[in-house]
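Hi,

Here is the structure I promised to pass on. Have a look, and then read on for what turned up in it.

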Number of protein chains: 2
Amino acid sequence: MSSTRTIAESALLDLATRALQSYGLGPNDAHDAARVLVLADLFGVSTHGVMRVKTYGERLAIGGIDAKAQIKVDRRSPAIAMVDGANAVGTLVGMRALDAALEGARATGVGVAFARASNHFGPIASYAWLAAEQGFASIIGSNASVTIAPTGGTEARLGNNPLGLCVPNPGGDPVMLDMAMSVVARAKIRRALDKGESIPDTWATDINGHATTDPRTALDGILLPIGGYKGYGLALMVDLFAGLLSGAAYLTHVKSWVDEPESPQNLGHVFILIDTAKLGLADLAARMNDFAAILHDTPPVDEKAPVLLPGEREIARMKAQRQNGIVLDADVLAFLETRAG
Amino acid sequence: MSSTRTIAESALLDLATRALQSYGLGPNDAHDAARVLVLADLFGVSTHGVMRVKTYGERLAIGGIDAKAQIKVDRRSPAIAMVDGANAVGTLVGMRALDAALEGARATGVGVAFARASNHFGPIASYAWLAAEQGFASIIGSNASVTIAPTGGTEARLGNNPLGLCVPNPGGDPVMLDMAMSVVARAKIRRALDKGESIPDTWATDINGHATTDPRTALDGILLPIGGYKGYGLALMVDLFAGLLSGAAYLTHVKSWVDEPESPQNLGHVFILIDTAKLGLADLAARMNDFAAILHDTPPVDEKAPVLLPGEREIARMKAQRQNGIVLDADVLAFLETRAG
């Protein structure tokens, strides 16, 4: 267990920006790429936060990611942009695609950006938050390297593809779902392994598709999707929208950054944004607050654990950490400081 | 077990149209409303097919649904239409909203229609199919009366809201997911009850949120969502997009057509359509066929049960039934014939 340190948001953004610059990114690109990661840390999603600078950096150093990539945006129609990420840092591709989708949504009410030739783009919640701050509802997805088997199959052929949906509230906090399609994240299986615990046989299978309760076998095996064929179907559809329609790699064509860190992954993302100001709903804030109240008022299973809405815990952490500073692993901060020079 | 009869698609469409006219719908409205149901029967989803004419008819007869409703489409921006269903038959509102979304997508590349003041709109697959035939990818959702409890809550406050995603294939069949958020449909619990079987305790809880293996208790109780808080989150987000943003009722505000057949439900739907012809993907058909082949080639758990893609079974049934006729419950056909006069 390493120690933690606390750092202000602006200081962390500056540090992560300079650390990314040390790998060859220009200052603007580094700033935008870092912003997505700092938002993740603000939400308390540290697995997708600035600790990623190190893994991104390893690939930047060997040319697996292109620090000097020129991202191209091709506006195909008023509402549609195709984004060629040119193998840039994924969070930078994500930010450019978000901007392209925002442009379409400002012009027509709805904007869609399909991004290809990308890499790991951080947590969807970061983009959803930025869109919601400006009044845009969002549906955002990405594909990923394969970890899930199709229902009825014994081999991993799909990614644990994340999908996010978010609706802003002009009178309060957005409601923000950011989920992947597996029953649990690999990190949770890794924690069971570290503690020497067995896992439920509903989390994963061995490499041949047989149920397992052993976390080591599960980590070498295949993740199980939520709801059986429903989670399989969702993961597949996210890949069709984010990977196939974007012109990116899909399914087994997606390269693993772990096995082939030197190769472009050619990941794909999709951003669908809707300008809620254009719906003509005068009472949007009142409706959003009523919606939240109906759920909060549900009689709870445990009196000490009231019902929450998606994103509520993350937004509460963000508010607390904007006030009190972001709590980070001391080793992660030390690494950034070394790179920032 | 009642007997079955076989009828051609065109004859069934004509029969269902005339049956709906007998409740006061005009010929065009009846035809469009019937089309969604006939497509459901073609897919083999008879629970959402022409057998619904009877249940819709019961509400039409007592004014719970308005046979003469004038649906209004308000184009708010080039890509966004707000549809006031005016308490028309839900499948008719669905068809008008589909048309409004298609219009936006033709103009800008992406079209969104939000529909309010609607009723049960049949299966999403029917709309997704019609959009895919014209080259449009779709994301379609609807809210529903409450059957699911929020995670950590002991009272049903959300609908088992369906969500569909579909991507067309210019060189073959679309891939088409149409799913609700519960582990199983209520119909599956009802079948267990009919057979006198117990159910897994992961399907539903009693009315107070406690696990149950008794199908009667489960039917009187609360459905469990797939993946715990993930399925809860998805059901909630579908309600935000389909119900809240459309200006319809949401959560517990949605009226139950079973408990209050005489009241407007004020259901909401959302249709998001993307014109795949505008993406500039010259090789879309080849990519779609490759995508399907990768999944089909997965080593199967059971050699006799190859891996399928979402919608594949339904589309195969459609093709067979277009050739050989639609197999329907004889009582359902007899009812339509009586109404059609």
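B:K54 sits over the face of B:F335, 5.5 Å from the ring centre. B:R339 does likewise with B:Y23, lying over the ring's face at 3.9 Å from its centre. Bear in mind that this is a predicted model.

On to the rings themselves. Searching the whole structure gives ten aromatic pairs over all chains. One of them is A:Y250 with B:F291, a tilted pair with 5.6 Å centre to centre and 45 degrees between the planes. That pair crosses between chains: A:Y250 is in the loop between α8 and β12 of chain A, while B:F291 belongs to helix α9 of chain B. A:Y250 counts as buried because its relative accessibility is 4%, and B:F291 counts as buried at 1%.

Then there's B:Y127 with B:F271: the ring centres are 5.3 Å apart and the planes stand at 90 degrees, so this pair is edge-to-face. It links distant parts of the chain, 144 residues apart, with B:Y127 in helix α5 and B:F271 in strand β12 of chain B. Both B:Y127 and B:F271 are buried. Over in chain A, one aromatic cluster is made up of A:F121, A:Y127 and A:F271.

Last, helix α10 of chain B, residues 312–324. Which of its residues are buried? They are B:I315, B:M318 and B:Q321. Down the axis of α10(B), the buried residues fall within an arc of 130 degrees, so they line one face of the helix. They pack against α2, α5, β9 and β13 of chain B. On the other side of α10(B), you'll find B:R313, B:Q323 and B:N324 exposed. Just after the helix, B:G325 has a positive phi of about 95 degrees.

Cheers

Key:
Residues numbered from 1 in each chain as written. Chains lettered and ligands numbered in written order. Predicted model: local features only at pLDDT ≥ 70, side-chain atom pairs only at ≥ 80, totals over all residues. Heavy atoms only, no water. Helix = DSSP H or I, 4+ residues; strand = E, 2+ residues; numbered from the N terminus. Expected span 1.5 Å × (residues − 1). Buried < 20%, exposed > 50% of the residue type's maximum accessible area, 1.4 Å probe, protein only. Arc of directions from axis to C-beta. Contact = heavy atoms within 4.5 Å. Phe/Tyr/Trp six-rings, centres within 6.5 Å; stacked < 30°, edge-to-face > 60°. Lys NZ or Arg CZ within 6 Å of the ring centre and 35° of its normal.
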